[in-house]
Amino acid sequence: MAVSEQNDRLSVFLLTGIYRFEGSNAMFIDPVRILNRSYTRFRVLPSAYYSRFFDSIADNSTETQNNCSRNSKKRKRNKKKEKSQNLNPREQIADQRHQEVRSMLLKAHEALIKSSEFLEIVMNLRNDGCDKEKCETNVISQDTELDFVEVGSVWQAPLYEITLNFHQDEMMEKNAGFPLFQFYEQRVVQVFNNLVANEGSSDVEAEFLNHRYIVPKKSCFYMSDLGKIHNLIPAESDRGFNLIVIDPPWENSSAHQKLKYRTLPNRYFLSLPIKQFTHTVGSLVALWVTNKEKLRSFVENELFPKWGVKYAATFYWLKVKADGLLISELDLFHHRPYECVLLGYCHRDDMNSEHLLRLNHVPNNQVFISVPGDYSRKPPIGELLLEYVPGFRPARSIELFSREMIADWTSWGNEPLHFQDSRYFLRKGIDK
């Protein structure tokens with residue numbers, strides 16, 4: 001690769017958070033950089049996002065490649081041992097799915113390992129643009145976070161209000177030696193079972209039960225349980241969504257054991273009104289799933305048909321540590337270092353054939369690589385999907401079961417403010 005082309009790729013990454021490897025179907029994404037484009041006066045604190053997988057970093061790219069080679073040999077030995085075990089029919093299908101994409105995932109990982117100059121940037125993502133002292137002192141404690149699910153279940157929940165502090169004047173004024181000051185407009189609204197919106201071009205600070213949250217520009221959230229989701233259905237189909245991302249709290253024994261979040265039985269998700277959310281031009285639906293074959297079968301045979309979604313492609317999220325190595329062995333049966341996003345198109349019953357023909361073709365088996373954030377926190381993938389979204393731009397986008405917010409998106413779930421806690425952010429400029 002020419003030096004100038006490499007520099008161009010690095011420059012694009014520094015601006016966007018997306019690095020595309022040459023001659024590969026893989027890309028690396030930095031969720032912090034992607035999220036930061038949603039804010040004007042704040043920025044996501046890298047050390048708070050990257051709370052894991054930065055403990056051990058290889059001294060240089062050569063050592064990283066050597067480690068990768070040794071781990072590859074170790075994986076092959078373990079793979080032979082696993083093969084000797086008897087797999088039930090469902091596990092055999094899961095293993096077959098894995099074998100079909102294994103080579104592709106290894107090539108994607110190899111593209112990262114070979115990009116030594118880019119890998120040096122990855123190793124520093126946790127402290128990127130952040131004063132070391134600020135990064136280390138601004139640590140999030142799970143014990144001090146607000147439990148929205150618990151708060152939303154009490155009888156007083158309909159009475160709770162959130163205060164939005166809108167920043168009216170970005171200009172600071174100085175008057176005869178008096179200190180600088182800003183002007184704000186406050187808005188107090190119901191926080192549960194209500195569409196709370198920031199329609200301005202700047203992020204706002206919000207206060208709720210002695211906690212402070214940062215709401216991105218041009219975004220809104222609706223915080224409720226599954227029973228109230230129908231309140232979000234647009235009155236007119238031309239106000240529907242043409243990009244729908246869904247990250248359900250699937251039944252998960254690990255989540256139960258670690259008490260990270262509450263899960264729901266699979267059948268609960270059959271009631272999601274995906275077709276009613278869909279815009280007149282149709283929608284691209286992106287569903288996060290685990291590697292369990294029982295779940296994949298449920299989605300393919302029951303969930304997508306119930307929603308009216310036609311399967312189109314699968315994308316893969318490959319998880320690595322800061323040194324570029326996979327977070328676990330690729331062939332480890334129950335803890336594989338990747339997750340899947342199933343993509344499909346949904347159209348309304350009144351959609352004509354011309355609209356159906358204009359639905360974009362999605363390339364299969366695309367791989368995006370990143371260092372994971374907090375447990376169960378998914379990287380923002382909306383931008384990776386935009387070119388396949390039917391209809392107009394900017395897309396009308398919604399995330400279901402959301403735990404954080406993005407500019408120009410609607411976020412629904414029982415805790416969409418979870419990662420909007422102000423402790424995950426730093427102020428920009430003179431407020432820093």
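How many bridges join β17 to strand β18 (residues 409–413)? The count is 4, and the two strands run parallel.

This is a predicted model, in which local features need pLDDT of at least 70, side-chain atom pairs count only at pLDDT 80 or more, and totals for chains, interfaces and linings use all residues. Residues are numbered from 1 along each chain as its sequence is written, and side-chain values use heavy atoms, with hydrogens and water left out.

**Figure 1. Overview of the chain.**
The chain's secondary structure comes to 13 helices and 19 strands. Helices (H or I, at least four residues) and strands (E, at least two) are DSSP runs, numbered from the N terminus. Of the 432 residues, 50% are buried. Buried means under 20% relative accessible area, exposed over 50%, and partly exposed in between (1.4 Å probe, protein chains only). Among contacts with a separation of 6 or more, 74% join residues 24 or more positions apart. Contact means heavy atoms within 4.5 Å.

**Figure 2. The open sheet of 11 strands.**
The strand order is β1-β2-β16-β14-β15-β13-β12-β17-β18-β11-β8, with mixed pairing. Two strands pair if DSSP finds at least two bridges between them. At the edges lie β1 (18–20) and β8, each pairing on one side only. From one strand to the next, the twist averages 20°. Axes are lines fitted to C-alpha atoms, for helices over the stretch in contact, and angles run from 0 to 180 degrees between N-to-C directions. Strands β13 (residues 283–289) and β15 (residues 338–346) run antiparallel, joined by 7 bridges. Here V285 stands opposite G344 in β15. Helix α5 (residues 89–114) lies across β2 (26–29), β14 (309–319), β15 and β16 (366–370). Its angle to β16 is about 50°.

**Figure 3. Strand β17, covered on both faces.**
In a regular strand the side chains alternate between the two faces of the sheet. In β17 (residues 397–400), S397 and E399 are on one side, with I398 and L400 on the other. All four are buried. Strand β12 (residues 243–246) pairs with β17 in the parallel sense over 4 bridges. V245 has E399 as its bridge partner in β17. Towards β18, S397 has W409 as its bridge partner.

**Figure 4. S402, in the loop between β17 and β18.**
S402 is buried, with a relative accessible area of 1%. Leaving aside neighbours within four places in sequence, S402 is in contact with S411, W412, G413, E415 and P416. S402 and F419 are 17 residues apart in sequence; their C-alpha atoms are 9.7 Å apart in space.

On a 1 Å grid over the protein atoms alone, a cavity is a set of points where a 1.4 Å probe fits but cannot get out; a pocket is an open set with protein on both sides within 12 Å along at least five of seven lines. Lining residues have an atom within 4 Å of a point. Grid points are joined across faces, edges and corners, and a volume is the space filled by probe spheres set on the points. The second largest pocket has a volume of about 480 Å³. Of its 19 lining residues, C220, R239, R396, D408 and T410 are the closest to its centre. Strands β8 (195–198), β11 (219–223) and β18 each supply at least two lining residues. The largest share, 3 residues, comes from β8. The structure also holds 2 cavities of 30 Å³ or more. The largest cavity has a volume of about 190 Å³. It is lined by 18 residues, and K378, P379, P380, E399 and E404 are the closest to its centre.

The order is β7-β4-β9-β10, with antiparallel pairing. The edge strands, β7 (184–190) and β10 (211–215), each pair on one side only. Strand β4 (residues 161–167) pairs with β7 over 7 bridges. F166 stands opposite E185 in β7. L146 is in the loop between α7 (132–137) and α8 (148–152). L146 is buried, at 15% relative accessible area. Beyond neighbours within four places in sequence, L146 is in contact with V151, F208, L209, H211 and Y213.
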